[in-house]
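The following note sets out numbered remarks for a colleague. Please read them beside the sequence and the model.

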Amino acid sequence: PGMYIGDTSTSGLHQLVYEVVDNSIDEAMAGHCSEIYVIINADGSITLEDNGRGIPIQKHEKESQKQGREVSALEVVMTTLHAGGKFDKETYKVSGGLHGVSVSCVCALSSKMIVNVYKDGRVWEMHFSQGKVIKSLADMGATSKKGTHITFWPDETVMTVTEFDYDILAKRLRELAFLNRGISIFFQDERRDDNDDVNFRYDGGLKSFVSYLNENKNAVFPEPIYFYGTREGDDGPIDIEVAMQWNDGYNETIFSYVNNISTAHGGTHLTGFSTALPRVLTLH
């Protein structure tokens with residue numbers, strides 16, 4: 001498991017949640033999702049839902065032929081590594097997470113997982129345990145909703161920590177809301193009354209992020225500097241966003257991300273920016 005989620009302790013447990021959320025964020029970045037719900041349930045499970053297109057539920061021809069039975073695309077996505085839509089460059093221009101490994105890894109590390117897909121006016125449901133189907137895909141009736149609804153219980157025989165931490169999840173969900181302007185991420189904890197229900201939504205995006213980081217400091221100028229650009233890459237256009245603001249302190253704080261994933265150790269993108277910024281300021 002550590003190969004895919006880092007470890008089987010606190011970090012790995014929350015990585016399971018991030019992987020499912022990242023799929024919803026990818027839907028949002030593709031223009032198909034505007035709301036994401038994350039609910040820590042009283043029984044220790046966690047529910048994640050979005051209003052995207054929903055995981056495909058039709059027959060998967062190649063896998064059905066291979067296994068000699070009818071296999072749905074949903075089953076393939078949930079139980080087969082590298083089966084996600086992220087390997088189709090036309091489906092997702094930008095994606096985070098483990099690139100096709102993610103949700104199947106979450107399924108494998110869950111003692112139980114229930115998936116509901118709201119698609120084409122119908123509700124479809126399928127149950128899994130430790131990466132295997134325990135209840136076949138079934139039509140549960142009509143609905144006006146669209147999207148995917150996943151509830152899973154971490155497998156206690158594999159994970160050494162199975163209790164979700166409200167603060168850890170809230171920090172990452174807030175960060176994702178800053179990085180993806182206009183997306184609403186609703187977060188609630190049904191285990192405790194003292195953990196607030198929140199809606200993370202920042203229409204200012206990175207500008208709001210910088211303002212948030214500077215809110216208890218004395219900014220040198222009121223509005224963060226922001227710019228956005230696009231450059232054609234080998235696999236399509238590359239979007240670049242930058243927001244920055246100086247304060248009267250002496251410490252430098254830099255956060256850098258690629259496809260919503262934090263690059264804590266930097267990289268060529270950060271090196272290029274850090275080299276260009278003083279040069280441009282010196283010239284002008």
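Is Glu27 buried or exposed? Glu27 is buried, because its relative accessible area is 6%, where buried means under 20% relative accessible area, exposed over 50% and partly exposed in between (1.4 Å probe, protein chains only).

1. Basis of the note. This is a predicted model, in which local features need pLDDT of at least 70 and side-chain atom pairs count only at pLDDT 80 or more, while totals for chains, interfaces and linings use all residues. Residues are numbered from 1 along each chain as its sequence is written, and side-chain values use heavy atoms, with hydrogens and water left out.

2. Domains. The protein is divided into domain 1 (10–202) and domain 2 (204–282), with bounds from an automatic or database domain assignment. Their C-alpha centres lie 30 Å apart. The contact (heavy atoms within 4.5 Å) takes 17 residues from domain 1 and 13 residues from domain 2.

3. Helix 2. Helices (H or I, at least four residues) and strands (E, at least two) are DSSP runs, numbered from the N terminus. Helix 2 covers residues 10–29. Of its 20 residues, 15 are buried, so helix 2 is largely enclosed by the rest of the structure. Just after helix 2, Gly31 has a positive phi of about 85 degrees.

4. Salt bridges. A salt bridge is a side-chain nitrogen of Lys or Arg within 4 Å of a carboxyl oxygen of Asp or Glu; the count by this rule is 11. One of them joins Arg53 and Glu27 (2.6 Å, N to O). Arg53 lies in the loop between strand 2 (46–50) and helix 3 (61–67), and Glu27 in helix 2, 26 residues apart. Arg53 counts as partly exposed, at 33% relative accessibility. Another salt bridge pairs Lys135 with Glu125, whose closest N and O atoms are 3.5 Å apart. Lys135 is in strand 5 and Glu125 in strand 4, so this pair ties together parts 10 residues apart in sequence. Glu125 is buried, with a relative accessible area of 13%.

5. Most residues other than glycine have a negative phi. Asp120, however, has a positive phi of about 55 degrees and is found in the loop between strand 3 (110–119) and strand 4 (122–129). Asp120 counts as exposed, at 74% relative accessibility. Gln130 also has a positive phi, of about 50 degrees, in the loop between strand 4 and strand 5 (132–142). Gln130 counts as partly exposed, at 44% relative accessibility.

Methods:
Expected span 1.5 Å × (residues − 1).
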